[in-house]
Amino acid sequence: MNIIYFSGNGNTKHCAEFLSSALVSGNIESIESENAIQLIKESEEFILAYPVHFSNIPFIVKEFIQENCSLFVGKNIFLIATMGAFSGDGSGCGARLLKKYGANILGGLHLKMPDTVADVKLLKKNFEQNKAIIKNAEEKINHVAKLIQIRKYPQEGLHFYNLLAGLLGQRLWFLNAAKKHRHAFKLAEEKCSGCGLCQKQCPTRSIQIENGKAKFTGSNCTICYRCVNSCPKQSITIIGKKVYAQCLFGKF
């Protein structure tokens with residue numbers, strides 16, 4: 001089965017690649033790739049994987065689905081949502097949007113992975129704890145791969161009580177905050193070296209280097225934390241005021 005994914009910091013990419021290997025079939029593409037659209041067109045059924053942001057589908061994934069809505073009509077889609085701790089209905093958020101555009105949802109899977117919100121101390125784990133989290137996710141993926149092969153799809157995050165949990169647990173509280181964070185980041189200019197890595201990494205092209213410093217130039221941040229976790233000087237934050245731990249998957 002083919003897999004389409006978005007990954008801010010590598011967690012979802014690893015899960016997608018691990019599942020693809022376990023299934024021993026299909027191709028895999030990021031929505032940032034020019035090949036993603038073609039892969040969707042060629043697939044009667046496929047897997048869509050994404051991280052959960054504020055107990056919601058990432059803005060970039062939502063916009064990708066909306067902009068290409070005609071591609072999803074009649075498609076059979078299995079959803080995977082990765083998260084640092086809790087989402088409630090992470091897969092359900094994508095399911096409801098895709099159903100609106102005529103897709104059939106086969107099932108949903110929630111995978112706990114290392115937290116990537118680098119500037120908030122809550123949920124931070126040490127190296128060994130994060131390794132254990134990844135191992136548990138991989139074991140779950142191996143189990144689910146066997147179920148997919150016999151067409152028994154988990155239904156995690158797709159029930160009404162999951163919707164209530166996601167809505168009341170996080171989404172209502174952070175919806176306005178998430179929208180606010182789309183329009184700016186915080187930069188410690190004295191730390192910024194103007195290396196341009198954040199500009200290169202930004203999936204929404206919202207960062208430019210001007211006068212030797214990083215500058216947020218758009219209004220379309222998807223809050224993926226890729227710039228925060230990639231900055232060699234730890235000069236960028238979004239929610240908090242300091243970086244506690246950079247959380248790119250490659251560290252683990």
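**Note on pockets, salt bridges and cavities**

1. Helix H6 gives the largest share of the lining of the largest pocket, namely four residues. H6 covers residues 160-181, and it is joined by helix H1 (11-23) and strand S4 (76-83) as elements that each supply at least two residues of this lining. Helices (DSSP runs of H or I, at least four residues) and strands (runs of E, at least two) are numbered from the N terminus.

2. The model is predicted, so local features need pLDDT of at least 70 and side-chain atom pairs count only at pLDDT 80 or more, while totals for chains, interfaces and linings use all residues. Residues are numbered from 1 along each chain as its sequence is written, and side-chain values use heavy atoms, with hydrogens and water left out.

3. The volume of the largest pocket is about 670 Å³, and 32 residues form its lining. On a 1 Å grid over the protein atoms alone, a pocket is an open set of points with protein on both sides within 12 Å along at least five of seven lines, a cavity is a set where a 1.4 Å probe fits but cannot get out, and lining residues have an atom within 4 Å of a point. A volume is the space filled by probe spheres set on the points, which are joined across faces, edges and corners.

4. Nearest the centre of the largest pocket lie Val 52, Phe 54, Asp 115, Val 117 and Gln 170. Sorted by class, the lining of this pocket holds 18 nonpolar residues, 13 polar residues and one charged residue. Here Ala, Val, Leu, Ile, Met, Phe, Trp, Tyr, Cys and Pro count as nonpolar, Asp, Glu, Lys and Arg as charged, and the others, Gly among them, as polar.

5. The second largest pocket has a volume of about 400 Å³. It is lined by 17 residues, and those closest to its centre are Ile 31, Glu 32, Ile 60, Pro 203 and Arg 205. The lining of the second largest pocket divides into six nonpolar, four polar and seven charged residues.

6. Which side chain meets Glu 32 in a salt bridge? The partner is Arg 226, with 2.8 Å from N to O. Arg 226 belongs to helix H8 (residues 226-230) and Glu 32 to the loop between strand S2 (28-30) and helix H2 (36-42), so this pair ties together parts that are 194 residues apart in sequence. Arg 226 is buried, at 9% relative accessibility, whereas Glu 32 is partly exposed at 39%. Buried means under 20% relative accessible area, exposed over 50% and partly exposed in between (1.4 Å probe, protein chains only).

7. Arg 171 and Asp 89 also form a salt bridge, and their closest N and O atoms are 2.9 Å apart. Because Arg 171 lies in helix H6 and Asp 89 in the loop between S4 and helix H4 (90-100), the pair ties together parts 82 residues apart in sequence. Arg 171 is buried, with a relative accessible area of 8%, and Asp 89 is buried as well, with 0%. A network of salt bridges links Asp 89, Arg 96 and Arg 171.

8. Another salt bridge is formed by Lys 215 with Glu 210, where the closest N and O atoms are 3.5 Å apart. Lys 215 is partly exposed at 42% relative accessibility, and Glu 210 is partly exposed at 35%. The count of salt bridges in the structure comes to eight, each being a side-chain nitrogen of Lys or Arg within 4 Å of a carboxyl oxygen of Asp or Glu.

9. A search of the whole structure finds three cavities of 30 Å³ or more. The volume of the largest cavity is about 120 Å³. Of the 15 residues that line it, Cys 202, Ile 207, Cys 221, Cys 224 and Cys 227 are the closest to its centre. The lining of the largest cavity consists of 12 nonpolar residues, two polar residues and one charged residue.

10. The second largest cavity holds about 80 Å³ of space. Its lining has 13 residues, of which Cys 192, Cys 195, Cys 198, Cys 231 and Ser 235 lie closest to its centre. By class, the lining of the second largest cavity divides into eight nonpolar residues, four polar residues and one charged residue.
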